[in-house]
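The following paragraphs lead the reader through one protein model. Please keep the sequence and the three-dimensional view at hand while reading.

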Amino acid sequence: MPRFSKSMRVPYSPAQAFDLVSDIASYPDFIKWITAMRVSGEQVDESGVRHMRGDAVVGFKGFVERFSTAVSADREQGTVVASLIQGPFRRLKAQWRIEPRAQGGADIALEIDYEFKNVLIAVLAAANHDTAVNRIMSAFLDEAKRRYAVTPSASAPE
């Protein structure tokens, strides 16, 4: 079953990286295949973790799918986790981890574990797996450059 992870080192502060990754409402602004995102039910629990629901519309290679996730954004731990509520997946869990670097900047890691219900979509996703992962990380890096106007001299995929 598809599972992947990718990490990169960025010159942005952990707070900046967390703010970008946890801003799911803006994903359609910089991730091309997310055509719409509605965020609802946002609340903060007693430990400061933000919880919300994200309803996304995704268009890719002529397919349009909708799915919903429960998202937990924990600034203290530097994590943003999205878990499937409903959609075209048998399972979906995406976790971002943001860790500060002693020399400045942050390490950002993305882990996704998923399985599509539809075999055709699963085959299409598998064929485009590496490209999709690289585009996701590039989209976040490009958006960070735009938001924070820092030249990413320290960024390098690992």
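This is a predicted model: local features need pLDDT of at least 70, side-chain atom pairs count only at pLDDT 80 or more; totals for chains, interfaces and linings use all residues.

Which residue in β3 is the bridge partner of Val-44? The partner is Arg-50. Residues are numbered from 1 along each chain as its sequence is written, and side-chain values use heavy atoms, with hydrogens and water left out.

Helices (H or I, at least four residues) and strands (E, at least two) are DSSP runs, numbered from the N terminus. Two strands pair if DSSP finds at least two bridges between them. Strand β2 (residues 34–44) and strand β3 (residues 50–60) run antiparallel and are joined by eight bridges. Their hairpin has five residues between the strands, and Gly-48 takes a positive phi near 90 degrees there.

From β3 the reader may continue to strand β4 (residues 63–74), which runs antiparallel to β3 and is joined to it by eleven bridges. Across this pairing, His-51 stands opposite Ser-72 in β4, and Arg-53 has Ala-70 as its bridge partner. The hairpin of β3 and β4 has two residues between the strands, and in it Lys-61 takes a positive phi near 50 degrees. Strand β4 also pairs with strand β5 (residues 79–86), in the antiparallel sense and over seven bridges. Here Asp-74 has Thr-79 in β5 as its bridge partner. In the hairpin of β4 and β5, with four residues between the strands, Gly-78 is the residue with a positive phi near 70 degrees.

The nonpolar residues come next. In soluble globular proteins, nonpolar side chains tend to be buried together. A nonpolar core is a set of buried Ala, Val, Leu, Ile, Met, Phe, Trp, Tyr and Cys residues joined through side-chain atoms within 4.5 Å; buried means under 20% relative accessible area, exposed over 50%, and partly exposed in between (1.4 Å probe, protein chains only). The largest such core in this model has 41 residues, and those with the most contacts inside it are Tyr-27, Ile-31, Trp-96 and Phe-140. Helix α4 gives the most to this core, with seven residues. Contact means heavy atoms within 4.5 Å. Leaving aside neighbours within four places in sequence, Trp-96 is in contact with several residues, among them Val-21, Tyr-27, Gly-78, Ile-108, Ile-136 and Phe-140.

Charged side chains form a further part of the picture. A salt bridge is a side-chain nitrogen of Lys or Arg within 4 Å of a carboxyl oxygen of Asp or Glu, and a search of the whole structure finds 14 of them. In one of these, Arg-147 is joined to Asp-23, with the closest N and O atoms 2.8 Å apart. This pair links distant parts of the chain, 124 residues apart: Arg-147 is in helix α4 (residues 129–148), and Asp-23 is in the loop between α1 (14–22) and α2 (27–30). Arg-147 counts as partly exposed because its relative accessibility is 27%, and Asp-23 likewise counts as partly exposed, at 26%.

Is Glu-143 buried or exposed? Glu-143 counts as buried, at 6% relative accessibility, whereas Arg-146, at 58%, counts as exposed. Salt bridges that share partners join Asp-23, Glu-143, Arg-146 and Arg-147 into one network. Leaving aside neighbours within four places in sequence, Glu-143 is also in contact with Leu-20 and Phe-30.

Another salt bridge joins the side chains of Glu-115 and Arg-91 (2.9 Å, N to O). Glu-115 lies in strand β7 (residues 106–116) and Arg-91 in strand β6 (residues 89–100), 24 residues apart. Glu-115 counts as buried at 19% relative accessibility, while Arg-91 is partly exposed at 25%.

Arg-91 also has a polar contact of 2.9 Å with the side chain of Asp-113. A polar contact is a pair of N or O atoms within 3.5 Å; within protein, one must be able to donate a hydrogen and the other to accept it, and residues adjacent in sequence count only if both atoms are side-chain atoms. Asp-113 lies in strand β7 and counts as buried, at 16% relative accessibility. The C-alpha atoms of Asp-113 and Arg-3 are separated by 4.3 Å, although these residues are 110 residues apart along the chain.
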